[in-house]
Amino acid sequence: GASHENHDALSSRSVDMTLTVDTVAKVDWVERHPILRDPFILVAPMGCDPDLRHTPMVRYEPSLPIGRQIEAHLRRAGITPARGFAFSSNQALFAMTAEVKGWAITTALAYLGTPLARDLVTPHPLPMAKFSRRLELHARDGALGGLPAMIAQDLRTCISARILPDAAERLGFLE
């Protein structure tokens with residue numbers, strides 16, 4: 001779910017732990033266990049070189065934290081693409097990017113974790129300063145003893161074994 005919804009669920013005790021990105025405000029009652037840095041990348045249709053000046057940008061909805069984070073980075077870079085399509089799902093973002101022969105900014109995990117993404121778009125390095133977000137495991141501070149730290153370590157081990165090899169192959173331009 002969305003990070004802010006996960007935070008609310010943790011706060012209301014609907015869940016014991018959440019896997020979320022770092023867009024939620026830091027509060028003293030949440031213990032955080034870093035899992036991985038998720039870099040932003042540019043995607044464009046298969047066989048097309050991204051042309052930020054002459055092709056449409058396909059965006060995430062500005063109501064989403066990822067949409068706001070991308071828009072803020074574009075402003076810092078002095079890039080102001082025309083307003084156009086905006087979506088709340090990765091699959092829709094990739095499909096429309098391919099359809100309109102535009103470009104989009106997303107994250108490596110969104111690309112790697114979206115079915116059919118590799119059939120719709122090609123990943124590229126950002127043509128501006130790099131930026132990323134962090135994936136973290138959150139739990140109520142002290143409520144579960146050492147369990148959150150143990151699960152976080154298991155997640156890092158799993159990601160290293162299952163996701164990073166695929167990322168190295170498909171996103172070789174990332175560090």
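Visitor: How many salt bridges does a search of the whole structure find?

Guide: A salt bridge here is a side-chain nitrogen of Lys or Arg within 4 Å of a carboxyl oxygen of Asp or Glu. By that rule, the search of the whole structure finds seven. This is a predicted model, in which local features need pLDDT of at least 70 and side-chain atom pairs count only at pLDDT 80 or more, while totals for chains, interfaces and linings use all residues. Residues are numbered from 1 along each chain as its sequence is written, and side-chain values use heavy atoms, with hydrogens and water left out.

Visitor: Which residue forms a salt bridge with Arg32, and where in the chain do the two sit?

Guide: The partner is Glu136, with 2.9 Å between the closest N and O atoms. Arg32 belongs to strand β2 (residues 30-45) and Glu136 to strand β7 (residues 132-140), so the pair links distant parts of the chain, 104 residues apart. Strands (E, at least two residues) and helices (H or I, at least four) are DSSP runs, numbered from the N terminus.

Visitor: Is Glu136 buried or exposed?

Guide: Buried means under 20% relative accessible area, exposed over 50%, and partly exposed in between (1.4 Å probe, protein chains only). Glu136 has 3%, so Glu136 is buried.

Visitor: What other salt bridge does Glu136 make?

Guide: Its side chain also meets that of Arg134, at 2.9 Å from N to O. Arg134 is partly exposed, because its relative accessibility is 33%. Shared partners join Arg32, Arg134 and Glu136 into one network of salt bridges.

Visitor: And what about Arg133?

Guide: Arg133 forms a salt bridge with Asp38, where the closest N and O atoms are 3.5 Å apart. This pair also links distant parts of the chain, Arg133 being in strand β7 and Asp38 in strand β2, 95 residues apart. Both residues are buried. The C-alpha atom of Arg133 is also 6.6 Å from that of Val21, 112 residues away along the chain. Val21 is in strand β1 (residues 17-21) and is buried, at 9% relative accessible area.

Visitor: How should I read phi, and what is its value for Lys101?

Guide: Most residues other than glycine have a negative phi. Lys101 has a positive one, near 55°. Lys101 lies in the loop between α3 (90-100) and β5 (104-107) and is exposed, at 51%.

Visitor: Where is Leu116, and what is its phi?

Guide: Leu116 sits in the loop between α4 (108-113) and α5 (117-120). Its phi is positive, near 70°, and at 54% relative accessibility Leu116 counts as exposed.
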